[in-house]
Amino acid sequence: MNKSYLLFKHEFLCTIKKVGFIILTFSVPTLALLGIGAYKLATNVSKPKTDEIKTIGYVDEVGIFNEHTEQGTIKLIPFESRKDAKKALIKKDIAEYFIIPSDYTSTGIIRRYTLEKELTTPALTVIIIKSFVTGNLLKDKVPPNMVALISSPLNLKVTRVAEEGGKELKQSNAGNIIIPAVFSLLLSFALLFGATSLITGLGEEKESHLIEVLFSSVSVRQLLISKVLALGVAGLLQVLVWLISAPLLLDLASSTFGGFLSDIEIPANFIILGIVYFILGYLLFAVLSITVGAISPGVREGNQIAGFYTLWLFVPLWFSGLLINFPNSYIWVVLTIFPVTAPVQTMLRLAVSDIPLWQIMTSIGVLVLSIIVGLFLSIRIFRAYMLMYGKRPGLREIIHSLRQG
């Protein structure tokens, strides 16, 4: 037991001291804090004065647009001709101007002119022009209080009803996927880091023949348990940093940004399931990595083989856009239960829909069964091939060895 502890301590300290581990653990909270701080600084620097009025010019070639020129802090100034408006823009007497051509009522085209280089017209400018044009088109035709309603006819509020009826539940919003999506991405990298670290460690020990020295002092079981637990505890520490910092960062971001972020909610079972799925996901990938490390002649070959199963970690993230629109599709149920994709897929689905209890229990059960079966097979493969050097054994040879063992 003392030898196992020494191995565990050595592997754990080596892992948490790696630059890649430190960067992956603290980069996200640090970047989030820097982003919030930069936003606050930029807002304070560029925040306009409350009494500052922005002026926008316009040329009315139709002859009916002469009201609703006060739009909050925006003032619309009429010009007799395009030439006059252009001169005012060049002198910077106005921020920009737009032209309502004489054929507007048949084409619906309004031309906007500005000195700024823009990818798209700012949303506020679009709203201001739309409100101005709509108000003038509808004057004397509908009551003034109806103009705003016609401009924005739909303000849809959705209420979620519980299946037993009667009880109203709070509806989700699109922002709720932000935290689970970021965590799913980080979880993918954490599992990938754990798998590659295990393969790299075994490969380096095999290439340097250090594995032979270790086997002279400890058993295969002690060596594998120490390595798996050390990397697992380090990875769990990493995940806990993310899970604990997520609510704190969200509260800080909500007070800074407000609005959209203030309504984001983290699912009640998110933290518990996040820890459970990391542990199970890590153990599954550790089992696979032990097998790969045993049959691979070196580090490079091992990492190349590992790419075939670690790539599946990112499959749910590739199709996350479809998940939002079709959260209960059969394909997501399959990926929730399929052991290699289950950790990431489950975390993503928690953000957009309620996952039935049977699916979560089945997913966890399949993961546990896969780990038990995989561990049994991986230990046998490890014992058979870890001390073999040179050519990597083929699948038929591995199956034959398992049958003989």
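1. Which residue forms a salt bridge with Glu96, the closest N and O atoms being 3.9 Å apart? The partner is Lys54. A salt bridge here is a side-chain nitrogen of Lys or Arg within 4 Å of a carboxyl oxygen of Asp or Glu.

2. The model is predicted: local features need pLDDT of at least 70, side-chain atom pairs count only at pLDDT 80 or more, and totals for chains, interfaces and linings use all residues. Residues are numbered from 1 along each chain as its sequence is written, and side-chain values use heavy atoms, with hydrogens and water left out.

3. Glu96 lies in strand S4 (residues 96-100) and Lys54 in strand S1 (residues 54-60), 42 residues apart. Strands (E, at least two residues) and helices (H or I, at least four) are DSSP runs, numbered from the N terminus. Glu96 counts as buried because its relative accessibility is 4%, while Lys54, at 35%, counts as partly exposed. Buried means under 20% relative accessible area, exposed over 50%, and partly exposed in between (1.4 Å probe, protein chains only).

4. Glu96 also forms a salt bridge with Arg112, with closest N and O atoms 2.7 Å apart. Arg112 is in strand S5 (residues 111-114), 16 residues from Glu96. Lys54, Glu96, Arg112 and Glu118 are linked in a network of salt bridges.

5. Another salt bridge joins the side chains of Arg82 and Glu61 at 2.8 Å, N to O. Arg82 belongs to helix H3 (residues 82-90), and Glu61 to the loop between S1 and strand S2 (70-71).

6. Of the 26 residues of H10, 19 are buried, so this helix is largely enclosed by the rest of the structure.
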